[in-house]
Amino acid sequence: ATGPVYNFAAGSGTMPGEVLCQAREELLERGRSGMSVMEMPFTGEAFQAIQRQAVQDLRELLDIPDHYQVLFLQGGASAQFALLPMNLLPRGGRADYLDSGYWSRKAMAEGGRYARIRVAASGAAYGYRCIPRQAEWQLDPDAGYCHITSNETVDGLAYSWLPDTGGVPLVADMTSDFLSRPLAIERYGVIYAGAQKNIGPAGLTVVIVRDDLLHSARPETPSVFNYRVQAESEGRFNTPLTYAIYLAGLVFRWLKRQGGLSAIAARNRRKSERLYEAIDASQRYVCRARQEDRSPMNVCFDLADASLTAEFLAQAQRRGLLHLQGHPARGGVRASLYNAMPEQGVDALIEFMRDFAA
Ligand code: PMP
């Protein structure tokens with residue numbers, strides 16, 4: 001391609017160019033520290049200031065109340081699939097899971113090794129084209145937590161509403177829509193997200209946990225993954241992901257410069273609505289997801305003539321529209337529109353889709 005290149009990958013996803021430029025500027029020396037952030041001892045004041053600022057900026061962006069801890073852990077969201085039951089439930093404890101697609105099933109498969117898991121409702125009967133409405137949910141009032149996947153990266157589904165789980169703590173895997181919109185944090189017990197979509201480099205994992213849930217970890221929980229231990233040591237029980245935390249901090253700053261999460265949410269809505277409209281307006285493209293459950297982050301669709309999918313992807317790539325193939329488990333096309341995807345990228349995709357259809 002000769003023009004600009006847009007990365008529609010689901011993860012790792014596209015990063016804000018400004019952030020990458022700043023990281024390049026500071027790669028060899030951050031401020032007057034005499035060294036790269038990568039070389040800073042995590043116990044030193046220079047790194048601790050970076051870490052404190054990142055936590056502070058995230059708290060401001062999401063309006064996180066004081067009785068929630070912000071942790072930057074390692075291992076990705078998949079590690080949390082096991083660490084949630086270890087941190088929140090006694091051995092043999094019970095948890096409810098909402099089965100809305102590929103990633104909730106992954107969370108259940110791993111969580112089920114450490115807990116007795118019940119499916120409160122499942123989208124399976126609907127072919128995962130929608131998220132079961134609250135009226136269909138059967139909740140266990142004695143469950144230790146109820147787990148949802150706020151955005152199904154593979155299936156292209158997202159909650160447009162907040163479930164009511166009564167007194168049972170709501171736990172959400174927000175890996176693919178974290179920081180895409182404001183949140184009512186106090187409705188959640190735990191929120192977790194892998195960083196590689198809207199935050200920064202893969203491996204870094206943000207966990208936001210309500211104080212009263214810090215004290216139920218099983219004794220055998222590894223200390224580095226014990227929410228209370230990490231909260232009490234301010235995330236420095238062992239060497240944290242120093243460079244990834246620095247990059248995440250740059251992204252948080254960038255988000256603030258964009259006007260915060262309300263502004264970002266409005267822009268994200270514009271981007272996805274425009275693309276869904278283009279899909280719906282054409283006979284050549286089909287989006288199977290129920291309208292109100294369509295993900296603003298991962299727009300999944302198919303070509304009406306599926307035999308043209310490979311050609312569609314090849315031509316898109318030649319136009320600089322990269323990584324549009326659907327997840328192998330689903331096929332078809334997937335355009336991931338994370339925060340850093342500019343509106344021009346969506347316009348370029350829509351223009352290509354019109355040309356291809358013609
Ligand atoms: N949950 C969701 C919703 C995801 O999209 C992903 C990654 N695509 C994961 C969990 C797994 O994340 P990780 O690779 O960081 O373990």
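**View 1. Thr-239 sits in the loop between H5 and helix H6 (242-257).** Helices here are DSSP runs of H or I with at least four residues, strands are DSSP runs of E with at least two, and both are numbered from the N terminus. This is a predicted model, where local features need pLDDT of at least 70 and side-chain atom pairs count only at pLDDT 80 or more, while totals for chains, interfaces and linings use all residues. Residues are numbered from 1 along each chain as its sequence is written. Thr-239 counts as exposed because it has 12 C-beta neighbours inside 10 Å. The scale works like this: with C-beta atoms placed from the backbone, a residue is buried if 20 or more others lie within 10 Å of its own, exposed if 12 or fewer, and partly exposed in between.

**View 2. The UniProt "binding site" positions come from an unreviewed entry.** That record lists Ala-77, Ser-78, Trp-103, Thr-153, Asp-173, Gln-196, Asn-238 and Thr-239. They are spread over 163 residues of sequence and also spread in space, up to 31.2 Å between C-alpha atoms. UniProt positions follow the numbering used here, feature names are shortened, and annotations may be inferred rather than shown by experiment. Ser-78 lies in helix H3; this residue is partly exposed because 16 other C-beta atoms lie within 10 Å.

**View 3. Helix H3 covers residues 76-88.** Its 13 residues reach 18 Å from the first C-alpha to the last, close to the 18 Å expected at 1.5 Å a residue (that is, 1.5 Å times one less than the number of residues). H3 bends by about 40° at Ala-82, with Pro-85 following within four residues; the bend is the angle between axes fitted to the seven residues ending there and the seven starting there. Among the buried residues of H3 are Ala-77, Phe-81, Leu-84 and Leu-88. The buried residues of H3 pack against several elements, including strand S3 (94-99), helix H4 (102-111) and helix H5 (227-232).

**View 4. Helix H4 has its own buried residues.** These are Trp-103, Ser-104, Arg-105, Ala-107, Met-108 and Gly-111. They pack against H3, S3, S4, S5, strand S6 (151-152) and S8.

**View 5. Seven strands make an open sheet with mixed pairing.** Reading across, the order is S2-S10-S9-S8-S5-S3-S4. Strand S2 (68-73) and strand S4 (116-122) are the edges, each pairing on one side only. Two strands pair if DSSP finds at least two bridges between them. S3 and S4 run parallel over six bridges, and Asp-96 stands opposite Arg-118 in S4.

**View 6. Strand S8 is covered on both faces.** Leu-170 and Ala-172 are buried on one side, Val-171 and Asp-173 on the other. S8 pairs in the parallel sense with strand S5 (residues 146-149) over four bridges, and three bridges join S8 to S9, also running parallel. Val-171 is the bridge partner of His-147, and in S9 the partner of Val-171 is Val-190.

**View 7. Lys-197 lies in the loop between S9 and S10.** An unreviewed UniProt entry marks Lys-197 as "modified residue: N6-(pyridoxal phosphate)lysine". Why does Lys-197 count as buried? Because 30 other C-beta atoms lie within 10 Å of Lys-197. Leaving aside neighbours within four places in sequence, Lys-197 is in contact with Gly-11, Gly-13, Thr-175, Ser-176 and Tyr-338. Contact means that the C-beta atoms of two residues, placed from the backbone, lie within 7 Å.
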